[in-house]
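Subject: Structure for you to look at

Dear colleague,

I am handing over the structure below, and my notes on what was found in it follow. Please read them with the coordinates open beside you.

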Amino acid sequence: MTPPPLVTLRGARDDDAERLLEWRNDADAVRFSVSGQSVTGEDHARWFATRRQDPRVHLWIAEVDGTPVGQVRVDDENDGVGVVSVGVAPAHRGRGIGSAVLRAMVATVTADTTVRVLRALVHPDNAQSIRAFEKAGFRVTMAKEGAFSVLDRDVGKDRDQRTISRRPG
Ligand SMILES: CC(C)(COP(=O)(O)OP(=O)(O)OC[C@H]1O[C@@H](n2cnc3c(N)ncnc32)[C@H](O)[C@@H]1OP(=O)(O)O)[C@@H](O)C(=O)NCCC(=O)NCCS
């Protein structure tokens, strides 16, 4: 089996606005979004400008060999919960990139933020997304948010364990 490509994350920049809009309005991304609607260029520009200025929003572009292939966002809800949203560009789906992006995001959030639980709302018909999250250590919970399944990953525990193992003994 071909190993998944090496994925790196970088912070989103102003010049990512157009590609983010294109990925957001892809048919599957719309179908599985919480709103179920595409967004207009104007709404997107407003949304992007607000998110870029909000310190609780972490938005990364995933790259393979310097080419942008997807995005992942964590909205830090201030109660220790970070809500995750992910998307891979249509041409790059089904190659293991989605799960690699999520694993890279988990490592970054564990190292660089105070988020304790990562949470994703996934449409129950979105089997590919559920599988990608599971491969990054998320588990489907009993909870539901409307029609959406709730998947969680405890990153606080990982961080605590790392801190303990680094303490001089
Ligand atoms: C969901 C998404 C991010 C996944 O990224 P991806 O790069 O396509 O996913 P991967 O290639 O990492 O595949 C993940 C797993 O899903 C599996 N998979 C693919 N199609 C599947 C299907 N129809 N049913 C079940 N599993 C499926 C793959 O086999 C893989 O598992 P494996 O590695 O054990 O074989 C991407 O498809 C996407 O952007 N979709 C549209 C937007 C979206 O749905 N975003 C998520 C909203 S919560």
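Helix H1 (residues 17-24) packs on helix H3 (residues 41-53) at an angle of about 120°, with the axes 10 Å apart; helices here are DSSP runs of H or I with at least four residues, strands are runs of E with at least two, and both are numbered from the N terminus. The axes are lines fitted to C-alpha atoms, for helices over the stretch in contact, and angles run from 0 to 180 degrees between N-to-C directions. H1 is therefore oblique to H3, where angles under 35 degrees count as roughly parallel, over 145 as roughly antiparallel, 65 to 115 as roughly perpendicular and the rest as oblique. The contact is made by Ala17, Leu20, Leu21 and Arg24 of H1 together with Gly41, His44, Ala45 and Phe48 of H3, two residues being in contact if their C-beta atoms, placed from the backbone, lie within 7 Å.

Before going further, please note that this is a predicted model, in which local features need pLDDT of at least 70 and side-chain atom pairs count only at pLDDT 80 or more, while totals for chains, interfaces and linings use all residues. Residues are numbered from 1 along each chain as its sequence is written.

Strand S2 (residues 57-64) and strand S3 (residues 67-76) pair in the antiparallel sense over eight bridges, and histidine 58 has valine 74 in S3 as its bridge partner.

Finally, the ligand is surrounded by 21 residues, the closest being Arg93, Gly98, Ala127, Ser129 and Arg131; a residue is near a molecule if its C-beta atom, placed from the backbone, lies within 6 Å of it. H5 gives the most to this shell, with five residues.

Best regards

Technical notes. Pairing = 2+ DSSP bridges.
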